[in-house]
Amino acid sequence: MERAPTLSRRSFVALSTGTASSLLLGTSHWQAPQDALKRQALPIPPLIDGTARGGVVTYDLTEQQGVMGFLPGLQTETFGYNGDFLGPTLLMRKGDQVAINVTNNIGLTSTTHWHGLHVPAVMDGGPHQRIEPGETWTASFPVLNRAATYWYHPHPHAPLGQSVLMDPMGTGYQVYQGLAGMLIVEDDTSDTLALPRSYGRDDIPLILQDRRFHEDGRLMHFPDDFNAATDPALRKGGHFLVNGVEAPLLKVGAQVIRLRVLNASNARIYNLGFSDERIFYQVGSDGGYLAAPVPLSRLILAPAERAEILVDLGADKGRKIKLRSFNSENGNRLVPRPLQDSWDTADFDLLTIRVKRTKANAVTTVPESLVTVDRIPQSEAVNAPSPRPFELNANPFGINGKRMDMAIIDARIRRGDTEIWEITNPNSQAHPFHVHGDSFQILSRDAVLPPAHELGWKDVVLVRPFETVRIIKRFHDYADTLNPYMFHCHILEHEDVGMMGQFVVE
Ligand SMILES: [Cu+2]
């Protein structure tokens, strides 16, 4: 019997390395997502753990053009890394020195950003690390992050202009076309935890995305065929893809499974839960494990956020359970009425889980505790009495009254400092705020300690309408006065029109 690769070991066998196209390919036949019809199986992106050469673990990624069959009888032109859509899951080990070669074959200027990784700014893959068509860019860095689920995606910034939203050189366009992949870091701590760790068997990557199509199958980009008067100015849609397939089927054993959920949507916020209203357990947030599993019945996941959750299916053999987004419960609280589409306020299914027999060596219990999360003391911050302010502006889009300008450094931070940032959202729309460079911690939401599942390491925080959020972040290394890191809204259309800024550590 084929053995599933084990994430805790260096020596696992990559699942179908190099054959992303056979898994995430246009030969797939879309099936209407009704129970009467046969659902397509959830594709599992190939897992690659790199090639060790001379003390460096090397990964190769190619941004390329592809074709997918998302809709019956129609072909959709896409982009993907090493395949037609999305990309392989990169597995990294904390402490390793890695090099990632990224070749750009999409015919457009691009970049590739390691979302959540603690890397030098010049290796970050932000807007300044351009990869021109036909070129290869190599990012090399030591893996300093804790074990967690990270991801990678393009991060180009098109020059501001009237057509910036549909500019193929923007981040929103390139991610929507399919350029995104998961990145898993493991470390000595994760090795010791009694968590499901067989990639694709009981440790399942789930990349959530929504899409909207033209009648001929082309992906619809704002604003080419959107009606500006009635459509929200965002790339959203009513086709919900998980790992590139609409409403797929996952078969797992009657045991505890881990879902690594990544919201790789341009703009959609999900309110996750299960069709039978069961309790699930969040064990990890953007940048690490939580102190203990947090029982939840709902989990809001904003663009770019990740959550690792455990689902105990031990008593569910023979049952079917759906992972659903209960967006009807959001009402107008996250996306106000003029900006809503019907899926912002309706429930919809993302994934059907069919529970089979318990597999050998299955994890059958949810652990009581996980790791020690050292909360950064506020007294460590150099600016605790007056946190650095970030006001999110929506009319026009910007931060602190200013649109992103590639030539302007918006904040200079001293190496060695710990800072508190205060993010205020005076708008009726929620904005997921992301900071590059390393993980941070959330101190408060409207001066109140956040809930337990937000007390771990984060790199994106959803700032709700009229809310003030304080985060604390260390800037202890990688000084570079020339190369900035970004902070921005991770609604990609907002980022593209200028809801972004730059800071240097010096
Ligand atoms: Cu925004």
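Me: How many of the nine residues of strand 11 are buried?
Reply: The model is a predicted one, and strand 11 covers residues 203-211. Asp 203, Pro 205, Ile 207, Gln 209 and Arg 211 point one way from the strand, while Ile 204, Leu 206, Leu 208 and Asp 210 point the other way, and all are buried. Strand 11 is therefore largely enclosed by the rest of the structure, the number of its buried residues being nine of nine.

Me: In which sense, parallel or antiparallel, do strand 11 and strand 12 run?
Reply: Strand 12 spans residues 239-242 and is joined to strand 11 by four bridges. With strand 12, however, the sense is antiparallel.

Me: Which residue has a side chain joined to that of Arg 260 by a polar contact of 2.8 Å?
Reply: Because its relative accessibility is 1%, against a cut-off of under 20% for burial, Arg 260 counts as buried. The side-chain partner in the polar contact of 2.8 Å is Asp 203.

Me: Between which two domains does the second largest pocket lie, and why?
Reply: This pocket has a volume of about 490 Å³ and is lined by 28 residues, with Leu 144, Arg 146, Asp 438, Trp 457 and Arg 474 nearest its centre. By class, the lining holds 12 nonpolar, eight polar and eight charged residues. Because residues 20-189 and residues 378-505, as two assigned domains, both give residues to the lining, the pocket lies between domain 1 and domain 3.

Me: Which strand gives the most to the lining of the second largest pocket?
Reply: The lining is made up of 28 residues. The elements that give two or more residues to it are strand 18 (288-296), strand 30 (468-475) and strand 32 (500-505). With three residues, the one that gives the most is strand 30.

Me: Which are the edge strands of the open sheet of five strands?
Reply: The five strands of this sheet follow the order 1-5-10-9-7, and their pairing is mixed. Strand 1 pairs with strand 5 (residues 89-93) in the parallel sense over two bridges, and Ile 48 stands opposite Leu 90 in strand 5. The edge strands, each of which pairs on one side only, are strand 1 (47-48) and strand 7 (113-115).

Me: What distance separates the C-alpha atoms of Phe 326 and Trp 343?
Reply: Phe 326 is part of strand 21, residues 320-326, and it is buried, with a relative accessible area of 5%. Along the chain, Phe 326 and Trp 343 are 17 residues apart. The separation of their C-alpha atoms in the model is 9.6 Å.

How values were computed: Residues are numbered from 1 along each chain as its sequence is written. This is a predicted model: local features need pLDDT of at least 70, side-chain atom pairs count only at pLDDT 80 or more; totals for chains, interfaces and linings use all residues. Side-chain values use heavy atoms; hydrogens and water are left out. On a 1 Å grid over the protein atoms alone, a cavity is a set of points where a 1.4 Å probe fits but cannot get out, and a pocket is an open set with protein on both sides within 12 Å along at least five of seven lines; lining residues have an atom within 4 Å of a point. Grid points are joined across faces, edges and corners, and a volume is the space filled by probe spheres set on the points. Ala, Val, Leu, Ile, Met, Phe, Trp, Tyr, Cys and Pro count as nonpolar, Asp, Glu, Lys and Arg as charged, and the others, Gly among them, as polar. Domain bounds come from an automatic or database domain assignment. Buried means under 20% relative accessible area, exposed over 50%, partly exposed in between (1.4 Å probe, protein chains only). A polar contact is a pair of N or O atoms within 3.5 Å; within protein, one must be able to donate a hydrogen and the other to accept it, and residues adjacent in sequence count only if both atoms are side-chain atoms. Two strands pair if DSSP finds at least two bridges between them.
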